[in-house]
Amino acid sequence: MAPRPTILTLAQGRRRAYFRVLLALFVLAAPVLFLYATGYRFERLTGLMKTGGIYVGAELSGTEIYLNGELIHETGTFRRAFFIDDLAPETYTIAVRKDGYHPWEKTLAVFPHRVTEAQAFNMPQEPVLTLIPRTLTNQSAVATSTRPLPNQLYEELLAAFAPTTATSTAARAGAVATSTQVSARAAAATTTKAFRGMELFERGDDIVARWTREAESVPFYFCVNGGQCASEITLNTLSERPSHFDFFPGTADLVLVVLKSGVYVTELDNRSGQNIQPLFLGERADFRVIAGGIYVKTTDADIYKVEI
């Protein structure tokens, strides 16, 4: 029978020595770890430096995020945002680009121990358009001719573009528009829009956005200089008075406007200026948001659904 192994224990004096060494390491490391976790970094020339970060969100996968002209990240299918940490307190230029889409760019300030947020958007340079036909062909088996019939959906969409002076707020839903939904949900020209606590209204030639809920939940782009929050934001409409405006479907951060040269998308975030991108170019073009879809009308009364 093999002898049982002997387990030797450390002497009491050695155990105490090890404990004192580990305790000393913890005491020395704890302040360093605390400073690192709270945003401090050590620089050779300046010593300890307070840092901050930028959180950038993007709507599309495959977009490239640039910091001061340097590519730092490409968004994936599931991760469409990126956090840039360890930034010294100063201003940085963030750009989000993707082939076939309009670029987004903004200069943002970073503050110590703060995360600066930004939400990019990129409209397609050539959006996919689906024509709403004016007529439909009668395919009934008992039909004696193929004479085209009026398309009820087109007629109701066309009626939605009729001018009106009524002030209303359009209902928004993610469902696909049907002919019975159009008349009930048509977003005719209005002077006031409201969605998710955000209100849009006209003031002279300007479109103004105002937050109507609690101050604690105000969107980040209302606040500048590390926390000073504005009560209103005036939209960038290229110095024109829009003939129509509405929220971009599904978000209170973007607004659709009709200008002389077409339909544009402008952001509410006015830090370092507001990005504005064309969605549909064409003189005297118009749009309506109906049942979560964007419909544009040309001067020839052709109506398209913009596939985003």
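Which residue forms a salt bridge with D286? The partner is R288, the closest N and O atoms being 3.1 Å apart.

The model is predicted: local features need pLDDT of at least 70, side-chain atom pairs count only at pLDDT 80 or more, and totals for chains, interfaces and linings use all residues. Residues are numbered from 1 along each chain as its sequence is written, and side-chain values use heavy atoms, with hydrogens and water left out.

**View A. The salt bridge of D286 and R288.** A salt bridge is a side-chain nitrogen of Lys or Arg within 4 Å of a carboxyl oxygen of Asp or Glu. D286 and R288 are both buried (under 20% relative accessible area; exposed is over 50% and partly exposed in between, with a 1.4 Å probe and protein chains only).

**View B. The salt bridge of D302 and R134.** The N to O distance is 2.9 Å. This pair links distant parts of the chain, 168 residues apart: D302 lies in the loop between β24 (293-297) and β25 (303-307), and R134 in the loop between β10 (128-131) and β11 (135-137). Strands are DSSP runs (E, at least two residues) and helices likewise (H or I, at least four), numbered from the N terminus. D302 is partly exposed at 23% relative accessibility, as is R134 at 37%.

**View C. The buried residues of helix α2 (residues 152-160).** Y154, E156, L157 and A160 are buried. These residues lie on the same side of α2 because they cover an arc of only 165° around the axis, taken from the directions from the helix axis to the C-beta atoms.
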